[in-house]
Amino acid sequence: MMITMDIKGRSITGFLGIISILIVLCVVSFSGCGQSEATSLEMRPDIIEIDAVLSAGDTTRPAVLFPHDMHTDGIAEQGKDCSRCHLKDTDNQFSTKYMRLSDDRGQSVIDLYHDNCITCHNERKSANMSSGPVVCGECHRGEPIMVSSRQQMGFDYSLHNRHETENNSDCSLCHHVYDEEKKELVYIKGQETSCRFCHLPQAVDNVLSMRQVSHQYCVSCHLGKDKGPQNCAGCHDKKMQMAIKTIEDPPRINRNQPDFVLLSVAAPDLESGKLNTVPFAHDAHERFTNTCRDCHHNSLKACKDCHTLAGNELGEGITLRRAMHDLSSDHSCVGCHEKQKSELECSGCHSLMEQGRLSEYACTVCHTGPSPADLASVNSHYRSLDAFRPEPASVKMSFSDDDIPDTTIIGILSDKYEPVSMAHKKHIERLMTNIESSKLAGHFHRHEDVICQGCHHNSPVGEKPPRCASCHNIQFDETHLPELRLQGAYHQQCFGCHQSMKNEQTSDCVKCHAEKSISDGVTSPDRFDEGVINE
Amino acid sequence: MSSTSRRNFMKWITVAGTAAILPKGAKAHGQFDGYPNSYGVLHDTTLCIGCRSCEAACNEVNDFPQPEKPFDDKSVLDEKRQTNDKCYTVVNKYEKDNNAKSPVFRKFQCNHCKEPACASACFVGAFTKTPEGAVVYDATVCVGCRYCLIACPFYVPTYEYDEALEPRVMKCTMCHPRLLDGKLPGCVEACPQGALTFGKREDLIKTAHERIRKHPDRYIDHVYGEKEVGGTNWIYLSGIPFEEIGFHASLGTTPAPELTSGALSMVPIVIGVWPALLGGIYVMTQRKEKIAAEEKAEAVKNAVDATQATANEEMKKASEKAKQNKEKAVEKAVKEALDKATKQSGKESS
């Protein structure tokens with residue numbers, strides 16, 4: 001009724017619209033300037049945050065970011081050593097604290113810093129040497145001028161071996177336990193463990209934190225022997241870390257650990273344990289880890305000693321089943337194996353598969369040892385269980401090599417391009433090589449025809465797997481929504497695998513689909529005719 | 001596409017349409033669950049390779065002119081493009097920050113909101129949310145106000161500014177005519193990667209969540225468009241945060257019409273009430289005048305009638321008197337004649 005504006009009216013509104021938008025555009029284009037660029041921060045691995053007042057509740061000035069290596073160099077320049085700033089404790093070890101032995105805070109510490117820092121800076125300045133700030137705001141900066149690039153440092157088998165060799169296998173130099181009776185640190189052969197199991201991130205009672213203990217002991221030793229890194233950057237700078245010499249395939253650490261073990265439930269659970277034990281090559285797994293802590297996250301005891309079938313306080317309620325199978329854990333068997341699937345050689349097939357999905361025969365891949373009840377009758381001495389070691393694995397086929405087609409002709413797009421000739425056998429051979437070059441892959445691909453399932457998924461394995469077009473329609477079929485049509489299915493498989501294995505990423509059709517030769521147009525298979533498999 | 005399956009599809013669409021008419025879907029905004037059985041598209045950006053086949057198909061389906069650079073020219077991907085009145089969809093390329101393997105491609109077009117802002121802003125009702133899920137536009141009723149361009153939270157509708165006579169608002173139709181014909185939207189049909197999946201919106205949301213569940217490392221745990229602005233019929237999956245591939249992350253989940261209905265409800269009042277009010281006043285004035293005229297006429301009539309009545313009475317009296325006089329005269333004449341005759345006969349007999 002009231003919508004009876006004429007066409008001329010619309011045109012006028014249109015012109016007005018154009019003009020108003022032009023005005024808006026002009027305004028917008030003139031207003032996009034004047035962004036100040038953030039000042040770049042200096043990245044240093046040696047920054048220590050000095051916040052001596054935090055516990056006193058007075059935070060009128062920001063904490064000081066202190067570049068330690070810069071000061072070490074400056075002191076060395078003056079011919080002085082650590083004692084310029086650090087006191088020695090009763091064990092003749094330098095304290096990590098500045099000019100004091102205990103972890104004090106408050107006004108006395110503030111004065112200690114102010115008096116000594118400023119005095120030294122002034123002295124250097126009057127001696128015409130490069131010097132630090134002497135006014136408040138240049139140390140206590142609201143907006144920092146440097147930022148920490150400190151990298152966590154830790155031992156691996158290689159570094160451990162280098163220290164072993166250097167110290168003629170005298171483990172007592174580093175390893176110790178606290179003797180409650182003698183009230184002192186003693187060394188017990190065969191009881192060595194990771195520093196981090198006792199020295200936690202924060203100091204507890206009189207047990208120093210990992211940070212304190214490593215700086216006190218490692219640095220002192222390095223300084224005493226004049227070997228190894230002696231400043232912050234030496235251990236905590238990323239580039240310097242990369243430059244640390246590594247030993248290829250270091251010898252095993254000798255702490256009487258088993259070569260081979262039947263993983264089982266703990267003794268009280270032997271009766272109720274249903275699943276067979278897992279023959280576990282401890283020695284082989286050592287080669288694929290960097291430290292014992294990769295698996296033994298809390299102590300060097302066996303998993304079952306803390307993680308029981310029902311779970312208890314010692315194992316933090318985590319049952320043995322979960323401890324071994326938790327997908328999200330770095331310490332569990334399945335969690336670690338799952339992560340290996342993202343390796344380049346594996347990701348081609350596995351990136352297309354559901355993450356963390358275990359096949360129906362997954363249990364029997366590992367649980368192949370004697371049942372827990374029979375364990376007593378088996379000679380359970382660690383080094384004599386070689387009979388249970390799995391055979392070196394290889395990919396098995398239920399059919400002969402000759403039955404594998406050399407090439408597959410895919411002609412679904414043959415109205416636009418030449419049919420694709422997919423080197424079917426070459427793909428299998430490549431996968432075979434990848435699998436057989438890895439013990440882990442070999443072990444998990446030992447079931448018949450499992451290799452075919454990378455592409456021929458969601459269907460029974462065998463010599464003649466269903467064709468792609470058996471499930472993926474060529475044309476849109478509204479009765480199967482939402483669906484993946486054949487072309488998309490092919491491309492997702494091919495691209496998915498090729499991208500994951502970092503071969504290539506392309507949207508250039510002719511890389512796979514040869515340009516159609518005009519004269520040959522007649523002989524091409526019909527469109528939508530899924531390729532014949534050529535021999 | 002065989003005719004049988006088209007018939008089937010038509011049947012569905014009819015079912016979907018019928019279902020949509022049921023009161024369930026017809027609630028007020030905020031409670032509106034969308035048309036049941038409406039269709040949509042799931043765009044999985046992790047599968048898109050930036051081949052621009054969708055753009056080419058869209059161009060062909062909608063009979064647009066050929067662009068300056070052909071569709072196999074990938075150099076256009078280097079700039080962030082917007083749709084315009086001659087192109088309903090564009091694919092943009094986003095480089096990953098962490099120098100990861102490959103760039104991410106993202107297709108842009110109308111999202112076909114469950115509760116479209118364009119439709120709520122349009123005071124002539126040029127936009128319709130169809131039961132099939134597409135938001136379609138009717139140029140014949142459009143007055144060219146372009147409120148829809150402003151209203152759209154995704155900046156989708158564009159305008160034919162170079163059209164002097166009958167400029168139209170232009171935006172993706174989700175190939176609504178093709179849907180009714182039992183065909184896929186052009187872009188979905190053309191996508192060689194299966195990066196676009198057509199289906200019922202409800203199923204697509206399930207599919208999207210299933211993909212996230214199966215590949216938690218590949219996807220961000222979020223389906224864009226499931227809840228944004230009350231839900232859209234195009235939904236998206238991504239491997240990197242959506243704001244890094246050109247999505248507006250801060251649109252919220254409230255349908256745009258709900259936010260604007262207060263202000264927009266004034267539009268029909270302004271447009272609708274003024275004519276009604278003025279018209280009403282006019283009608284009232286007219287009526288008053290008419291009544292006055294009628295009253296006057298009646299008064300005149302009454303006066304005339306009264307005069308007439310008096311006149312008639314007098315006339316009647318006069319005529320009666322005349323009649324009486326006449327009768328008296330006749331009587332007298334008869335008596336005189338009778339008397340004369342009696343005297344004469346007496347003379348003759350004597």
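## Cysteines without partners

Counting disulfides over all chains of this predicted model gives zero. The cut-off is 2.5 Å between two cysteine sulfur atoms, so it's worth looking at how far off a couple of the cysteines are. A:Cys295 is in no disulfide, and its nearest cysteine sulfur belongs to A:Cys336, 6.5 Å away. A:Cys295 is partly exposed, at 38% relative accessible area.

Over in chain B, B:Cys48 is in no disulfide either. Here the nearest cysteine sulfur is that of B:Cys54, at 6.4 Å. B:Cys48 counts as buried, with a relative accessibility of 15%.

## Chain B at a glance

Chain B has 350 residues, and 41% of them count as buried. Its secondary structure comes to nine helices and nine strands. Take the contacts between residues at least 6 apart in sequence: 61% of these join residues at least 24 apart.

## A three-stranded sheet

One open sheet in chain B is built from three strands in the order 8-1-9, with mixed pairing. Strand 8 (196-200) and strand 9 (234-237) sit at the edges with a single partner strand each, so one side of each has no neighbour in the sheet. On average, neighbouring strands here are turned by 25° against each other, ignoring direction.

Strand 1 (residues 39-44) of chain B runs parallel to strand 9, and the two pair over four bridges. In one of the bridges to strand 9 of chain B, B:Asp44 is partnered by B:Leu237.

Conventions: Residues numbered from 1 in each chain as written. Chains lettered and ligands numbered in written order. Predicted model: local features only at pLDDT ≥ 70, side-chain atom pairs only at ≥ 80, totals over all residues. Heavy atoms only, no water. Buried < 20%, exposed > 50% of the residue type's maximum accessible area, 1.4 Å probe, protein only. Contact = heavy atoms within 4.5 Å. Pairing = 2+ DSSP bridges. Axes fitted to C-alpha atoms, helices over the stretch in contact; angles between N-to-C directions.
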